[in-house]
Amino acid sequence: MMGSGSGSLVWFRKGIRIHDNPALEFASRSASHLYPVFVIDPHYMKPDPDAFSPGSSRAGLNRIKFLLESLVDLDLNLKNLGSRLLILKGDPAEVVIHCLKEWNVSKLCFEYDTEPYYQALDVKVKNFALAAGIEVFSPVSHTLFNPTDIIQKNGGKPPLSYQSFVKLAGEPPSPLTTVYSSLPPVGHLGSCDISEVPTITDLGYGDSEQDEFSPFKGGESEALKRLDECMKDKKWVANFEKPKGNPSAFLKPATTVLSPYLKFGCLSSRYFYQRIQDIYRSMPKHTSPPVSLTGQLLWREFFYTAAFGTPNFDRMKGNRICKQIPWKDDDKLLEAWREARTGFPWIDAIMIQLRRWGWMHHLARHSVACFLTRGDLFVHWEKGRDVFERLLIDSDWAINNGNWMWLSCSSFFYQYNRIYSPTTFGKKYDPNGDYIRHFLPVLKVVSHDSASKECRRKMGEAYALNKELNGLVGEDDLKNLRRKLDESERQEPEGKRYKQKLIS
């Protein structure tokens, strides 16, 4: 039966969206049945009790939760079109091959992925499908450009400077404008074990010690909403200029915070690029690459291309573009940095934001990466890369490795005398210590305004009692007053209530 039907299997990995999704569009075209599949990969999702933070061996719980939220949203969007997301578990290559054996499909469609892990998976699946007479369609849609094309234009090697990359790249293709009224129904499922999108509890994270999660919610719907909000402020988009921006702005971050949505493909980079270009056309006076908003998308492309064309891109040894540096192998220093115990409030606050939110401003990332490597501790960039890879919700193989090499002056950038100060750099952006006090419990003993107001109230009550009793205040009187003050504090609205917070 294989390869003889008019059904299609669309395999979601990244590209967790409906809009501008060439694999989905091709799979649904003229298909009698459509099987939208996502495989829960134990490699990324299975709990690892030995890891330094809640999560799997490869990903922290914030990123796993973001992915699950993205899958729930995709499932809902598919259901609105008369379809659904089919969740399976196991080794992705084995699971997809089993589905191809069970289901009557003639097309297998999935987004092309440049990461080594997926490259190896995809070879297995493609070989099986082609041998079975199943058409394979694997378009490039996670990036604006096909890295292979750029490398070919550059004589077989990736361009290693941003300027040379931009010259070679040209204009990216436009996003698809397909709007679906419905999708083909799901066909017979055979013996495949299908489930709904699991919760983190279903995955075995029920007893997690993590009590605060990232404020950024996963999914295409959230991505498009956030994009619309950003694009409303045309002046901000036109004037965007990296590296300017305040890394200590946490209540309203000074960037788009679209990186995790691009990482998981909840937002199409081509659609994002088009929306920016639409604003540029209406506002001719705007910033340009490398500092502009489109410039940031091109940086992403630059690192994807460099990573795809460089063997051993994710390590120092055997990496032809990486300086060989005798970094310290000091687990105690690494742990102090990772656990926010360096004694530098700016650095420690950033590391706490990373662990709690799974995200921080790019300049904050620069600060802590420089501090760990060439700035202060001289610890290997690969060690810091591993921590970011685990904890960031927008952790991206190409960009994470590229930036760590850059910030450690191992590649791309070589002015190693230029160092981010762990004290003056923070003071420049956070002169009043608001950011530090928010994320660093050891310094969040009091919020001065609310604490001093509360203290004055308590002093007033105590003075009144002393006056009433002519200074003859007994132990029972103090207990009664303390009980009264505690009671009034409990009755205050949650937002106004003041509680001391000390590091345990």
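V10 has P36 in β2 as its bridge partner. The model is predicted: local features need pLDDT of at least 70, side-chain atom pairs count only at pLDDT 80 or more, and totals for chains, interfaces and linings use all residues. Residues are numbered from 1 along each chain as its sequence is written, and side-chain values use heavy atoms, with hydrogens and water left out.

**Strand β2 and its sheet**

Strands are DSSP runs of E with at least two residues; helices are runs of H or I with at least four; both are numbered from the N terminus. Two strands pair if DSSP finds at least two bridges between them. Strand β2 has parallel partners β1 and β3.

| Pair | Residues of the partner strand | Bridges to β2 |
|---|---|---|
| β3 with β2 | 86–89 | 4 bridges |

On the β3 side, V39 is bridged to L88. From β1 the chain passes through helix α1 (residues 22–28) to β2, a right-handed β-α-β crossover. Right-handed means that, with the strands pointing away from the viewer, the path from the first strand over the helix to the second runs clockwise.

In β2 (residues 34–40), 7 of 7 residues are buried, that is, under 20% relative accessible area with a 1.4 Å probe, protein chains only. L34, P36, F38 and I40 point one way; Y35, V37 and V39 point the other way. In a regular strand the side chains alternate between the two faces of the sheet.

The open sheet has 5 strands in the order β3-β2-β1-β4-β5, with parallel pairing. Its edge strands, β3 and β5 (135–137), each pair on one side only. Neighbouring strands are turned by 25 degrees on average, direction ignored. Helix α4 (residues 92–102) packs on the sheet and touches β1, β2, β3 and β4 (105–110). Contact means heavy atoms within 4.5 Å. The direction of α4 makes about 170 degrees with that of β1.

**Helix pair α14 and α16**

Helices α14 (residues 345–357) and α16 (residues 381–391) pack at about 40 degrees, axes 9 Å apart. Axes are lines fitted to C-alpha atoms, for helices over the stretch in contact, and angles run from 0 to 180 degrees between N-to-C directions. That makes α14 oblique to α16. M351, L354 and R355 of α14 meet V387, F388 and L391 of α16.

**A buried loop residue**

T310 sits in the loop between α12 (293–308) and α13 (331–338). T310 is buried, at 3% relative accessible area. Not counting residues up to four places away in sequence, T310 touches P158, N319, R320 and I321.

Terms used: Parallel < 35°, antiparallel > 145°, perpendicular 65-115°, else oblique. Buried < 20%, exposed > 50% of the residue type's maximum accessible area, 1.4 Å probe, protein only.
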